[in-house]
Amino acid sequence: MRTSGFKLVLLATALVFMVVGVAAAEINMTMYYPIAVGGKPYQIINELIQGFESQNPNIKVKAVYYGNYDDTRTKCLAALKAGEPVQLSVLFSIDIFDLLNQDIIVPWDDVVQTDADRAWLKSFYPALMANSMAGGKTYGIPFQRSTIVMYYNKDAFAEVGLDPEKPPATWDELVAMGKKLVKRDANGQVVRWGLSIPSTGYPYWMYQCLAIENGLELMNKAGNEVYFNRPESIEALRFWHDMAYKHEIMQKGSTDWGTLRQQFLGGSTAMMWHTTGNLTPVRDGAKFKFGVAMLPAHKRRGSPTGGGNFYIFKKTTPEERTAVLKFVQFMTEPINTAKWSIGTGYVATRPAAYETDLLKDYVAGFPAATVARDQFEYAVAEFSTHETARVKKFLDDAIQAVLSGKATPQEALNKAQQGADQILGGYR
Amino acid sequence: MTPSRLWLQLETVAAWLLGILWALPLLYAFWAAFHPAAYAVKFDLAAPLTLANFIEAWTTAPFARYFVNTILYTTMTTALQFVLCTLAAYAFACHDWKGKDLVFSLILIQLMVMPDQLLVVNYQTMTALNLVDTIPAISLPYIASAFGVFLLRQNFKQVPIALAEAARVEGAGPLTILLKVYVPLSKAVYLAYGLVSISWHWNNFLWPLVITNSVTTRPITVGLSIFGSPENGVNFAIVSAGTLMSVAPLLIGFLLFQHQFVHSFMRAGIK
Amino acid sequence: MNPKIARHVYGWLLFAPAAIFFILFTHYPIVRSCYLSFFNNPRGVQPRRFVGLANYAYLVNDPIFWQALKNNLIYAFGTIPVTVSLAILMAVWVNRRMTGRAFVRAAYFTPTILPMIAIANIWLFFYTPGVGLFDNLLKSMGYSGRNWLGDPDTALLCLMVIAIWKDAGFFMIFYLAALQGIPKDVIEAGKIEGAGRWYFFRRVTLPLLMPTTVFVVFNALINTFRIIDHIFILTKGGPDNATELLLYYLFQTAFEFWDTAYAAVLTVVIMAILMTLALAQFKVLERRTHYQ
């Protein structure tokens, strides 16, 4: 009896191992992704995942969608802290320092195996890698990436006698043309503004454009110093302020990130600065001819890059890492990157994508699609520091205070600098 | 002295005007949802009607799943509240035990400090229990409700002792007395409490936002907030359609059973 | 078992299921928040250590906290008197016979049953500058549009208007119940004595509604520390913290900055305020009963 009982246990154990063995052959991965469920971007990602799964039947990808970067980061970190298995995620490129501080990501340099893999790591636009690397290692693979571009209403340009094919190329032109584009009704009330730059959602990002055009990068590479109250940064914020209060080409107070597209499409602003990620919705929604242009220059041209990268998490088995690498390589194949770019307006992250027939044809029919890419030449890294969310908030508050006329650029930025120094001091 | 007719009529007009003012936001949502996007910000009586926004909203976000989650979560919460609060209220109203008064005043703390404000620690607790991103996790902090205990206790206290005594003489145990005497006599309170609780949890947002991560658990309010603030900008018409869809069940329920709703809220509030 | 002991055991047994959840999700978190507020925020490799009152020192010097507290007070004292007056007015109107009473009552009450998120989605369109409903209205009357939510001077006000719109109908219900509870003979007596309607309302009805008002006001006060859903959609606390309320700041600290220690401090502050309110309500009620 004893022995047969023992045998039974052995047999059962063997069975369990077999089952586990079979299960292990199938790799499941969970990925958090910052887009809203439904809609076009969602459909494209889903199609790509399905394409990947049909090529790799033993790998299953579960995507968890969240509407925006902040929510996705929040939720992804929460899941990781709760010990749930999450192998990879598309998160804000600027979260890199915080993810490193949390000690939850590994560099892709440790994941790649072959020379081909290593070549792949180097095949992205260099401008996009600025936010993807830290300490010489690559932590993020660019995917859902953007820059800021200027959308303008060509009909409005024609209406006031401006050349619709010549958008403003300098700050001075911006102000001059903006003044012409402002339209008032019989009572003198503004019915159309010359320019709108959103100052909710990502105020610091828009501000970075002005700062870089004025010749200043707002933080160092190590992410532990910021330069909020340099003369150049103060001047940049003053220019933003003056467009509303002095030149009166922009509404006073903050401009909402989310509803701005609706305002542009509704004709209540002639130009807007927004992410290229909005290109396809604008194209689909515009009842007038519109153009897309690089941001105007002052001391130089420039826009920060933005958007999300693929990160791979530390708590992964070697098998999972191989699978994740396979998946991310699939997603960034030139043809898939091209599909993604066409469907959304985000930039295709590798030069090779622009060599595909698909994207070549698309660009030929819709030249606006390359503006963001061409702007890479002048692009800088998006604002990113340790404890980014907190440091950003100081800058965001300063911008909003100035735009609503509650503080001078000097005062507001001094205060922001103080707050940021207090937090970043611990990381120097 | 009775007020003049004219004055009364003026008041009626004023009441109506305020009513229309109060109904306007919802009426506007209907306008935006049933017309093409271009008319969402432009009023034109000749604008064509359309259902396209609803179709777009419905296919854009998994509303059906959100509804299922919401129904699961609200029913679960309300049902468990009924059970736990009934037992506790019975203990407080009809039994005499050591520590009763102290315990009662301790649970009344919850009338002031609610789980909504304690979300940081409750989140940690859910993490420890391995319940993050599950529907029970949305429910559990609310199922022991001080409000429910208080409401039912008041009501049980008004049930004549004689009825309970009569049942006891016939040999009924305490639980039978609860089920056969107290509960049936409190039907109206249960209805009131149920309606209040359902509409409260249907509308609950902050805790579900924090504790859910995925489509399979997210209730309608959280789904709607994500739907209403996409990364790159909103489309008024479609958001209106989505918003109307998500409030439709409660709204229709309310309009059909207005009387019960109003009386339930009254009853739940007074006691 | 001794029947006396059995009685105690039985009472506890009935209470036990609820007790578990009360302790787990109300009392334990209260104690735990207090405890955590004296420690640093463990991050990555940094372990948790006792820091005494350091977090509270940070609180005292944190301008955003003070701004949020101030906003909360403005929000409460700006909305509650209006909401309560409107609620009484609505109740009085709906309580008498009138054409279309059902419609009017439904119109007043409907906002109450809608989720705040849905309401915020709708009101966002009203407030959008240039193309929104309010700006369209203003323009049609020849006024200039406003940047409602983008201007720190009006942003909080915009949120308050929504709160008033949503809550007035809710509190109307309590007044309606109270009005219907006023004894018929009191009303008759008023009529016989020939008291004017306004006089009667001021001298008889309003005092009789007093307990309801106390109840409503304190409930409304608690709500201002609980309902922040619209901020998520409309302003996210901006511009420049103009609409930052305490609970929203707590949420940001805990789930955007991942600073559990400071979040615990904010929790403690909110709890302290709510407890004080509870005590105040108790005192008010006690005094009233002495006078009666």
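Helices (H or I, at least four residues) and strands (E, at least two) are DSSP runs, numbered from the N terminus.

Residues are numbered from 1 along each chain as its sequence is written, while chains are lettered from A and ligands numbered from 1 in the order in which they are written. Because the model is predicted, local features need pLDDT of at least 70 and side-chain atom pairs count only at pLDDT 80 or more, whereas totals for chains, interfaces and linings use all residues.

The pLDDT is the predictor's confidence in each residue, from 0 to 100. Chain B has an average pLDDT of 86, and 94% of its residues score at least 70. Within chain B, confidence is highest in helix H6 (residues 135-143), at a mean of 94, and lowest in helix H14 (residues 258-270), at 73.

In helix H12 (residues 220-228) of chain B, 9 of the 9 residues are buried. A residue is buried if 20 or more other C-beta atoms lie within 10 Å of its own, exposed if 12 or fewer, and partly exposed in between, with C-beta atoms placed from the backbone. Among the buried residues of H12(B) are Ile220(B), Leu224(B) and Phe227(B). The cover over H12(B) includes helix H3 (63-94), helix H10 (187-203), helix H11 (206-211) and helix H13 (236-256) of chain B, along with helix H5 (116-127) and helix H11 (229-234) of chain C.

Buried residues also gather into cores. A nonpolar core is a set of buried Ala, Val, Leu, Ile, Met, Phe, Trp, Tyr and Cys residues joined through C-beta atoms within 7 Å. The largest nonpolar core has 170 residues, and those with the most contacts inside it are Ala88(B), Val149(B), Ala87(C), Phe171(C), Met172(C) and Tyr175(C). Helix H7 (residues 152-181) of chain C gives the most to this core, with 16 residues. Apart from its neighbours within four places in sequence, Tyr175(C) is in contact with Ala87(C), Ile88(C), Ala91(C), Leu209(C) and Thr212(C). A second, separate core has 129 residues, including Ile59(A), Ala211(A), Phe264(A) and Ala372(A).

Turning to chain A, this chain is divided into domain 1 (2-145 + 306-378) and domain 2 (147-304 + 385-427), with bounds that come from an automatic or database domain assignment. The centres of the two domains, taken over C-alpha atoms, are 32 Å apart. The contact between them takes 19 residues from domain 1 and 23 residues from domain 2. On the domain 1 side, helix H4 (96-101), helix H14 (334-344) and helix H16 (371-375) of chain A each supply at least two residues, and the largest share, 4 residues, comes from H16(A). This side of domain 1 divides into 9 nonpolar, 6 polar and 4 charged residues.

The strands of chain A can be traced through their pairings; two strands pair if DSSP finds at least two bridges between them. In strand S11 (residues 305-312) of chain A, 8 of the 8 residues are buried. Strand S3 (residues 88-92) of chain A runs antiparallel to S11(A) and is joined to it by 5 bridges, with Leu91(A) opposite Asn309(A). Strand S6 (residues 141-153) of chain A is also antiparallel to S11(A), through 6 bridges, and Ser146(A) has Gly306(A) as its bridge partner. A further 4 bridges join S6(A) to S10(A), again antiparallel, and here Met150(A) stands opposite Ala293(A). Strand S10 (residues 290-293) of chain A has a covered face, Phe290(A) and Val292(A), and an uncovered one, Gly291(A) and Ala293(A). In a regular strand the side chains alternate between the two faces of the sheet.

Technical notes: Two residues are in contact if their C-beta atoms, placed from the backbone, lie within 7 Å. Ala, Val, Leu, Ile, Met, Phe, Trp, Tyr, Cys and Pro count as nonpolar, Asp, Glu, Lys and Arg as charged, and the others, Gly among them, as polar.
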